[in-house]
Every structure is written in C-alpha cells, then in structure tokens.
Amino acid sequence: MREIIGRIREIEEEQKRRLSGDKLSLYNAGEVKHLKQLAFHKCPKKNRWVFGGNRSGKTECGAVETIYMARGIHPYRENRKDVFGWVVSLSQQVQRDVAQAKILNYLNKSWIEDVTMLSGKKDSLKYGVIDQIVIKNVFGGRSVIGFKSCDQGREKFQGSSLDFVWFDEEPPEDIYDECRMRVLDKRGDIFGTMTPLKGLTFIHDQIYLNSSNSPEVWYEFMEWADNPYLNKDEVEMLSKTLSEEQLQARRYGRFRASSGLVYPEFDERVHVLEHPFSVPSTWQDTISIDPGLNNPLSAHWYCVDYDDNVYVVAEHFEAGKDVQYHAQKIKEISARLGWKKGHNGGIDALIDSAANQKTLASLKSVSELFYECGINVNANVNKDMFSGIQRVKQYLKVNDGKSKIYIFPCCVNLIRELKSYRWGNGDAPVKTDDHALDELRYYLMTKPQSVPIAKQKSQIQKDKERLIRKIINERKK
C-alpha cells in the first residue's frame with residue numbers, strides 16, 4: 001500500500017510540474033534519461049565539449065548547465081553565489097533563435113529578477129535580443145547570464161571576470177582564447193556544444209586531438225540515436241537522404257574531413273581503457289621502437305592476453321635526445337612495470353630496420369648503440385606499409401562493442417596520432433606525426449597470428465567420413 005501511495009504522489013508531483021511549466025524539473029526527472037547529457041553534467045573537468053549532430057540534444061544540455069550554474073542548483077558540482085557567466089553565439093539572430101530560446105524554455109519566470117534588452121521588449125522576451133538576465137540565486141544572491149555574439153569582435157569580450165562561458169557552436173579562435181582569459185582568475189568553466197561543419201579547425205586540434213594529453217579537457221560525441229526522444233523511424237528515413245559526409249557531421253557530430261582518416265575505425269571510447277589495470281606478467285610480450293634523434297623516438301610496451309587481445313600499456317615519446325638517454329628511459333619504465341628481461345639480462349625490443357644502417361658521422365649503427373646500453377633490439381621487422389595498415393585496421397575493428405587492441409590512457413601520443421593520421425595523394429598517408437604508428441605497425445606485423453584450434457571430431461563424424469570413403473572406394477572398383 002505504501003508503494004502505491006508513494007507512486008500516486010510521484011504522479012501528482014509530475015502533473016504539478018507539467019501544469020506549472022517547470023521544464024527544468026521535467027528535464028531532471030525524465031523517465032527516459034539521455035545518458036550522454038548526464039555524462040556531460042557529471043563530468044568534473046573545466047573544459048567540456050559536446051560534438052553533436054542536429055537534434056542530438058547537445059544544445060539542451062548546454063542551456064540546462066547554464067541555468068544550473070547561475071541558479072546555484074548544479075546536482076554534481078560545488079555551487080556558488082552571485083555567479084556571472086556568458087552565453088556566446090555566432091550572431092545575435094542565432095542567439096535569439098537558439099541559445100536564448102533554449103534558456104528561456106528551461107528558466108522558470110519566477111526566478112528572473114531583471115532583464116536588459118538589446119532590442120525588443122521585456123514583456124515578449126522570445127522576440128527580442130537579450131543583453132543580460134539577472135537570476136535569483138538560491139543562496140540569496142543575484143546571478144547574471146550575459147549574452148555575446150561572435151560578430152561583435154574580440155574587443156567586446158575583454159575585461160570581465162567570469163564563472164563560466166557556454167559556446168553555442170564553434171567560435172573564432174581569438175574569441176575562444178579571450179574567453180579562456182576571462183575565466184582564469186575565478187578558475188571558471190568553459191563548455192561548448194557544436195556541430196562540426198567547418199572542417200579540421202582549432203577545436204579539432206586543441207580539444208579532440210589533445211583531450212588525452214590535458215587533465216582539464218573532455219569531449220563527447222552525440223548522435224541522433226543517443227537522443228531517446230527522437231522517433232527511430234524518422235531518424236532512419238532522414239539518414240537515407242543524406243550523403244556520407246553530411247551524415248558524419250549532421251547525424252554523428254563527427255568532423256567533416258574524417259573520410260580522409262587512415263584509421264576511422266579508431267574510437268577513443270572503445271579502444272582507450274578508462275580504468276587501466278595491473279597487467280599480469282604472463283601477458284608481457286615486447287617493446288617496439290621507432291628511433292629518432294631530432295625527430296621523436298617512440299616506444300611502446302605491448303602485452304597480449306589469453307584471447308590474443310593486445311594491450312598497449314606504456315609510452316616513451318621524446319625528441320632531441322641521444323640513444324643513451326632513451327635507453328635509460330626505457331629501462332626506468334620497464335623497471336616500473338616489472339618488465340621481463342631478455343638474454344644477457346637486457347630488455348628485448350623491436351626496432352625499425354633503418355636502425356641497422358651506419359652513417360658517416362658514426363662508426364656504429366643505432367641498433368649497436370642500443371645493444372651496448374642493454375636494449376636488445378631486433379631490426380627484423382616487416383615494414384610493408386599497406387599490409388601493416390590493414391593489420392592495424394583488423395585489430396581496431398569493433399564487433400559487439402569489443403576490439404582486439406586496447407590502449408592505456410598514458411599513451412597520449414599514440415592516441416593523438418591514431419586520431420589525426422590522414423591519407424595524402426594516392427594510397428600513401430601523409431608522412432608526418434606517425435612515429436608511434438610506425439612502431440605499432442612493426443609490432444603487429446611481427447607478432448605471430450593466433451591460429452584457431454581445430455575442433456575434435458566426434459565418433460559419429462569419424463564413422464560418417466569412414467563410410468563415405470568406403471563408398472567412394474567401392475565405386476572406383
């Protein structure tokens with residue numbers, strides 16, 4: 001009976017919220033959760049971005065996050081009194097029609113203390129362009145949401161000290177940089193919601209490519225299927241009308257030039273392990289090295305489990321150092337991992353066969369120098385690029401949410417290269433930022449491929465085969 005009474009009260013509260021027009025309460029209490037919106041709100045990092053397709057739900061979470069912070073009711077963060085933040089749109093018209101409209105949709109009128117208009121009247125907010133909204137903060141203070149448009153120019157973004165900035169769509173880089181300065185002294189937040197329609201911009205380079213290398217950067221992709229409120233039949237029907245390039249941007253929120261990626265199979269959410277673990281010593285396989293002096297030297301530690309899945313568990317990546325320095329770093333990382341020793345007590349590793357070449361400047365090859373420093377390098381690697389790329393693709397292929405290769409998050413340069421490696425003219429990738437990928441290919445091409453164990457035949461199968469052979473032999477007579 002208590003459960004029934006409790007459920008009746010929940011229904012009554014739900015009806016009250018609907019009648020009161022409290023859209024924020026409905027958002028919070030939604031029976032069907034948009035899980036990626038929830039992940040965005042829960043993320044504790046200071047620089048968060050949602051790359052989403054149209055109608056994926058990205059703008060809603062940006063508007064709600066803005067109200068959470070201004071009102072002082074954020075469910076997953078420390079709330080503040082007298083909050084000051086900006087909502088940044090591409091133009092005043094876009095501000096009025098998109099970000100401003102979304103905020104007014106979720107902002108209860110009783111919370112509004114004052115409004116300053118750039119154009120239009122206060123009694124019809126949705127038809128005008130708002131400059132600032134003053135909101136009653138639950139801690140007794142007054143918070144301000146200011147609206148800015150990128151077409152105002154960088155100078156209009158100077159001077160203020162802010163608690164947060166919400167970018168609705170991607171801003172010009174100079175305005176992004178200026179807004180980062182505005183949140184600096186308050187250690188405020190920057191968050192953005194955008195559909196990537198401008199190609200490989202600075203957001204692609206600074207946020208998408210380098211999120212693994214920054215403790216304060218986070219991103220998520222949202223697509224139509226993530227929005228539980230979209231009709232599935234409509235989604236599929238609209239998908240069929242779009243080209244592959246349009247589909248990648250407008251449905252999946254992917255950067256438009258992704259068709260030129262060598263490894264579009266790479267999905268950071270699948271292939272990079274969120275929670276690394278202590279790998280059993282029996283899984284340890286070998287280290288692979290792509291040597292460099294002025295260019296970076298890349299080395300990774302590879303393990304293989306009992307199901308032939310590969311784990312990349314550690315990384316050394318540095319430029320401008322000599323062999324002795326790199327050998328020492330490899331020893332230090334190996335010691336920390338408890339890595340197995342090879343013959344003569346050295347550490348076994350694969351290396352680019354070019355390391356065997358001697359130059360006029362040295363009487364010894366790079367391989368010999370590494371060997372003298374206790375790194376037993378093996379330069380007998382398969383460097384065929386086309387076959388190597390296909391092998392990497394096989395390991396990256398995802399089936400039922402699972403892959404054949406997993407990368408620990410400390411391998412930031414390997415992750416960055418996998419996300420940015422692109423085809424050039426013809427069938428060859430652009431020869432830049434590929435040092436980690438080269439030695440990944442050396443390893444996977446050298447690693448023995450597992451052969452499925454032949455199933456034992458049953459006695460019935462054996463008898464059947466014997467009978468068939470007998471019949472065939474009799475017919476031959």
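**Exercise 1. Is Phe-277 buried, partly exposed or exposed, and what is its relative accessible area?**

Solution. The model is predicted: local features need pLDDT of at least 70, side-chain atom pairs count only at pLDDT 80 or more, and totals for chains, interfaces and linings use all residues. Residues are numbered from 1 along each chain as its sequence is written, and side-chain values use heavy atoms, with hydrogens and water left out.

Step 1. Recall the classes: buried means under 20% relative accessible area, exposed over 50%, and partly exposed in between (1.4 Å probe, protein chains only).

Step 2. Phe-277 has a relative accessible area of 33%, so Phe-277 is partly exposed.

Step 3. Apply the classes to other residues. Tyr-311 is buried because its relative accessible area is 10%. Leu-200, at 34%, counts as partly exposed, whereas Arg-187, at 56%, counts as exposed.

Step 4. Turn to the whole protein chain: buried residues make up 47% of its 477 residues.

**Exercise 2. Classify the aromatic pairs Tyr-176 with Phe-202 and Phe-277 with Tyr-311.**

Solution. Step 1. A pair of aromatic rings is described by the distance of the centres and the angle of the planes. Rings of Phe, Tyr and Trp (its six-membered ring) pair if their centres lie within 6.5 Å; planes under 30 degrees apart count as stacked, over 60 as edge-to-face and the rest as tilted. A search of the whole structure finds 22 aromatic pairs.

Step 1. For Tyr-176 and Phe-202, the distance is 5.4 Å centre to centre and the angle between the planes is 50 degrees, a tilted pair. Tyr-176 belongs to helix α6 (residues 173-182) and Phe-202 to helix α7 (residues 202-208), 26 residues apart. Helices (H or I, at least four residues) and strands (E, at least two) are DSSP runs, numbered from the N terminus. Both Tyr-176 and Phe-202 are buried.

Step 2. The ring centres of Phe-277 and Tyr-311 are 5.7 Å apart and the planes stand at 80 degrees, so this pair is edge-to-face. Phe-277 sits in the loop between α10 (268-271) and β9 (284-290), while Tyr-311 is in strand β11 (residues 310-318), 34 residues apart.

**Exercise 3. Describe how helices α3 and α4 meet.**

Solution. Step 1. Helix α3 covers residues 35-42 and helix α4 residues 58-71; their axes come within 10 Å and cross at roughly 35 degrees. Axes are lines fitted to C-alpha atoms, for helices over the stretch in contact, and angles run from 0 to 180 degrees between N-to-C directions.

Step 1. With contact taken as heavy atoms within 4.5 Å, Gln-37, Phe-40 and His-41 in α3 meet Glu-60, Cys-61, Val-64, Glu-65 and Tyr-68 in α4.

**Exercise 4. Which loops hold Glu-169 and Arg-187, and what are their phi values?**

Solution. Step 1. Most residues other than glycine have a negative phi.

Step 1. Glu-169, in the loop between β6 (164-168) and α6, has a positive phi near 80 degrees. Arg-187, in the loop between α6 and β7 (189-194), has a positive phi of about 50 degrees although it is not a glycine.

**Exercise 5. How far apart are Leu-200 and Phe-255 in sequence and in space?**

Solution. Step 1. Locate Leu-200 in the loop between β7 and α7.

Step 1. Leu-200 and Phe-255 are 55 residues apart in sequence and 6.6 Å apart in space, C-alpha to C-alpha.
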